[in-house]
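Dear colleague,

Here is the structure I promised to hand over to you. Please open it first and keep it beside you while you read the notes that follow.

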Amino acid sequence: MTMTENGLRLDSPEAAADVLAGLSDFEQALAFYHQHLAPDTAINLSVAENVLLYQQSMDADVFKKIRLIPERNIQYMAAAGVPQLRQQVADLLGRAFGRIVSKDDVFGCAGVSSALECIAFGLMRKGTGTPALKPKDEVLIPAPYWQGFNWSFEERPKLKCVPVNLPTEGKGRYRLTRELLIEAYEARQKAGRRPRLLVLTNPHNPLGVNYDKELLEDVYNWAMTYTDMHIVSDEIYCHSQLNGTTTPFTSAVTLEAYREFAERIHVVWGFAKDFGLSGFRTGFVLSRNPAVHRVMLGSKDPAERTHPLPWFTPFDSLKTYVLGELLSAHHDGERYTTYAMKKYAGLLSDSFRAVKGALDQAGIKYVHRDGDNSAMFFWLDLTEYLGKRADHGHAELPVIGPDGLDPNEEWLFNYLAAKPTEVTLLPGGVMHNPVPGFYRLCFTARPSRDVVDAVGRMAAALGKLT
Ligand SMILES: Cc1ncc(COP(=O)(O)O)c(C=O)c1O
C-alpha cells in the first residue's frame, strides 16, 4: 500500500477488489469502491456524507490554524471525553435543542454507532429504573432505517431489531403514527416477545423528515406510560435543517415526557453528519440514566465494578485536540460552530433546491411534501422502472452484490452505477425498506453541481429502459 495526497491507495486494483469482496456492509463497500476502484467520472451519492462546509469555511477557520500536535494530546485522556469537551458539546447541543443540557449527562465515544451500543449495554445493567434488558429483547425501529442499528444493538448486546414498516402507499405514505407503533408493540407481545427499546431517528434517515412535535408527545407519552420501553432518539442530523421547514425539529429533551421520564429517554448525536466529519468517528450519549452513566464512566460498585465502556471506543486525545479546536474557533468574532451551522443551513437549502429542480425537470420521483425537512437525502421512488431493461448491456460493479436484495432493485442499482451513468445510490433494501424500488440519494455527498450532473445522467439512463 502507498500513501498519496488523496489518502491511502491500494497498490493494485486486484488488491483493492480483494478487500472489497470481504466488506460486510453494502454502504461501506460502496464508499471503499469509490475510494479505490471507481473511475474518476463516477459519482457516489449512496453514502451519508456532507462535503458542504469543509471548503466553505472549516478548512480556513479551523484546520489551517491548528498545529499537529501538542504534547498533552499524545497522552491518555478520559475515554468519555475531558470535562471541557463535554461542556462544549453540552452547550452546542443545548443551543440546537433549545434546552439547557448538563455536561454531566453528556459522554463522548468513537461514533454514534458506539454511543448506541453503549446505551444498550447500560440498559442491560441493574438500576435503570425498569427491569434490565436481556439478550433477545426487542428493539422497535420504524422502517426504512439506517442499517447500522443492527450492528449497534444486535452484534454484541444481542438484542433483536424489529422493523416497524411504514406504509409505502396512500395518504400516509412513509408517515409514522402512534397507532402503527402500538400495533407493532402489541403484536410482538402477543407473539411472546419483549419489545424493550424504541428507536426514533429525528430528523429521519433516509426520509429526511422531522417528526412533528404533537406526534412525538403522543408517542413518548404512550411509550412511557403504557410500556416499560426506553426510547433512544438518534438526533445525529439535528442541524441538517432546510430553511423554511414548516415542521421544525423537536428534540426529545424538550418533550413533556422528558420532565417525568428523563431516565428512560436517551439521545445520541455526533459530528459525522452536520459537520461532515464522518471519518473522525465522534459520538455522544446524552442520558440521565444512572446505569448508562456507570457504563460510560465505569463503576466502583463492588457488585459490578467495571471499566468505562468507551475505553474500547474512546473519544481519544487526537479527537479531543482537533474537535476542541473546532469548538473553540471563531469566525469574524462569532463562535465558529454557531457560524458554521447557520451557514450550513443555507448551503444545505441551496443544494436541496438545485437537486430538487433537477429531479423535477428529469421527472424522477421522490417522496417529499412541501415544507418538510429533507436532512441530506432524497428518497427516490424508482418503482416504475423495476423489471424494465435497456437493450444495451451494462457491466456489474465488482463484487458489491449484497445478499438478499430484490433482484430487480439490485439490477437497477447496478445499471445506474455502471458505465456510462456511473451514479451510485443506496438501494432501499439495505435500509430495510419493506418494498423494492426506492433508493437513497445523499445530496450533500458531493458539491451540488456534481449532484445535478448525476441526476441528468440518471435521467438519460432511466429514459432508455423499456
Ligand atoms: C441515523 C444514524 N445514526 C448513526 C450513524 C452513524 O454515526 P457514526 O458514523 O458517528 O457512528 C448514521 C450514519 O449514517 C446514521 O445515519
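The centres of domain 1 and domain 2, taken over C-alpha atoms, are separated by 26 Å, and this is a distance in a predicted model. Domain 1 is made of two stretches of the chain, 2–55 and 337–463, while domain 2 covers 71–328. Where the two meet, domain 1 gives 32 residues to the contact and domain 2 gives 34 residues. On the side of domain 1 that touches domain 2, the elements giving two or more residues are helix H3 (52–61), helix H12 (336–362) and strand S13 (377–381). H12 supplies the largest share of that side, with eight residues. By type, the residues on this side of domain 1 divide into 19 nonpolar, ten polar and three charged.

Now for the chain as a whole. Its secondary structure comes to 14 helices and 16 strands. The radius of gyration is 22 Å, close to the 23 Å that the globule rule gives for 466 residues, so the chain is as compact as a globular protein of that length. Along its principal axes, the C-alpha trace spans about 70 × 60 × 45 Å. Of the 466 residues, 45% count as buried. Among contacts between residues at least 6 apart in sequence, 72% join residues at least 24 apart.

A word on confidence is needed before the details. The mean pLDDT of the chain is 94, and 95% of its residues reach 70 or more. Where pLDDT is low, the predicted coordinates should not be read in detail.

The model also holds a ligand, and 14 residues surround it, the closest being Gly111, Val112, Ser113, Trp146 and Gly270. The shell around the ligand divides into five nonpolar residues, eight polar ones and one charged.

Leaving aside neighbours within four places in sequence, methionine 224 is in contact with Ala257, Phe261 and Arg264. Methionine 431, by contrast, is 207 residues from methionine 224 in sequence and 27 Å from it in space, C-alpha to C-alpha.

Valine 435 lies in the loop between strand S15 (426–427) and strand S16 (438–442). Valine 435 is partly exposed, because 15 other C-beta atoms lie within 10 Å, a count that falls between the limits of 12 or fewer for exposed and 20 or more for buried. Valine 435 and valine 451 are 16 residues apart in sequence, and their C-alpha atoms are 25 Å apart in space.

Lastly, please look at helix H13 (residues 407–417), whose buried residues are Glu409, Leu412, Phe413, Tyr415, Leu416 and Ala417. What covers these buried residues includes strand S14 (423–424), S15 and helix H14 (448–463).

With best wishes

Definitions and conventions: Residues numbered from 1 in each chain as written. Predicted model: local features only at pLDDT ≥ 70, side-chain atom pairs only at ≥ 80, totals over all residues. Near = placed C-beta within 6 Å. Nonpolar A, V, L, I, M, F, W, Y, C, P; charged D, E, K, R; others polar. Domains from an automatic or database assignment. Contact = placed C-beta atoms within 7 Å. Helix = DSSP H or I, 4+ residues; strand = E, 2+ residues; numbered from the N terminus. pLDDT = per-residue confidence, 0-100. Rg over C-alpha atoms; globule rule 2.2 N^0.38 Å.
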